[in-house]
Amino acid sequence: MNENLEKIENYIKLAEKTDTVIYSNQFFPVSQLNNLKYSGMKFSFKGLNEDCEKKLLAVYPEYFTEDYLYFPVKYFKIIKKSKFINLEHKHYLGNILSLGIKREILGDLIVKNNECYGIILENMFDFLKENLLRINSSPIEIIEITERDVPQNEFKELNIRLSSLRLDSLVSELTNLSRALSVNYIDLGNVQVNYEIQREKSYRISVGDTIIIKKYGKFRIEEENGLTKKDKVKLIVRKYI
């Protein structure tokens, strides 16, 4: 069994045994939280925003309501003090992890307007704030914010045409790589479907799927709009920016 799935199963059993709310002590990929079912138990999740890739898990008896829940997380914003240094997502993430903070206790990060928004386990927030004072050579300030202060992901809408709904066809269209190079790119593990590496070139994509292509970005299939006169599939795809 996948290590994360085993942890999730243990949280479920503990909540059942103690008949109370149990929160995970790490953020899980959303693909591992989809379709959770267990007799007598309910599940809730908390992440940075609606489109986040990682979420904290709460497991509780079905007679509880969400009013009982208090997710042990803190939302934060990192304010860059230098106007002359450009910081990207990788700079924020790398410097946070360099403090010894494990990746699984940190949720998603969004960089917007030269500021970084994030979510972390509550018991690690003070450590982060007290120890992360600079990123690269720029002084920074970390402040606590509310969930409402977190921006949504930005995207642009693409109208594409595919010869089929195979994964290699989609990757070729989104990257401008040849079909052969797209197959190789998939085979090397550079493509994720719903946050899991997918190496099957003929995997059939569908509406709602999230596709992450290394070096090319994150995409989501929004709509399928029938066929063109040449029998190509018409799709509307979001590209996150």
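In what order do the five strands of the open sheet stand?

Guide: First, the ground rules. This is a predicted model, where local features need pLDDT of at least 70, side-chain atom pairs count only at pLDDT 80 or more, and totals for chains, interfaces and linings use all residues. Residues are numbered from 1 along each chain as its sequence is written, and side-chain values use heavy atoms, leaving out hydrogens and water.

Now the sheet. The order is E5-E6-E4-E8-E7, and the pairing is antiparallel. Strands (E, at least two residues) and helices (H or I, at least four) are DSSP runs, numbered from the N terminus. Two strands pair if DSSP finds at least two bridges between them. E5 (106-112) and E7 (134-135) are the edge strands, each with a single partner, so one side of each has no neighbour in the sheet. Five bridges join E5 to E6 (residues 115-121). Among the paired residues, Leu-106 has Ile-120 of E6 as its bridge partner.

Helix H2 (residues 89-97) packs on this sheet, touching E4 (73-80), E5, E6 and E7. Contact means heavy atoms within 4.5 Å.

Next, the largest nonpolar core. Such a core is a set of buried Ala, Val, Leu, Ile, Met, Phe, Trp, Tyr and Cys residues joined through side-chain atoms within 4.5 Å. Buried means under 20% relative accessible area (1.4 Å probe, protein chains only). This core has 37 residues, and Ile-78 and Ile-96 are among those that touch the most other members. E6 gives the largest share, five residues. Domain 1 (3-68) and domain 2 (73-149) both contribute, so the core lies between them. Those domain bounds come from an automatic or database assignment.

Terms used:
Axes fitted to C-alpha atoms, helices over the stretch in contact; angles between N-to-C directions. Buried < 20%, exposed > 50% of the residue type's maximum accessible area, 1.4 Å probe, protein only.
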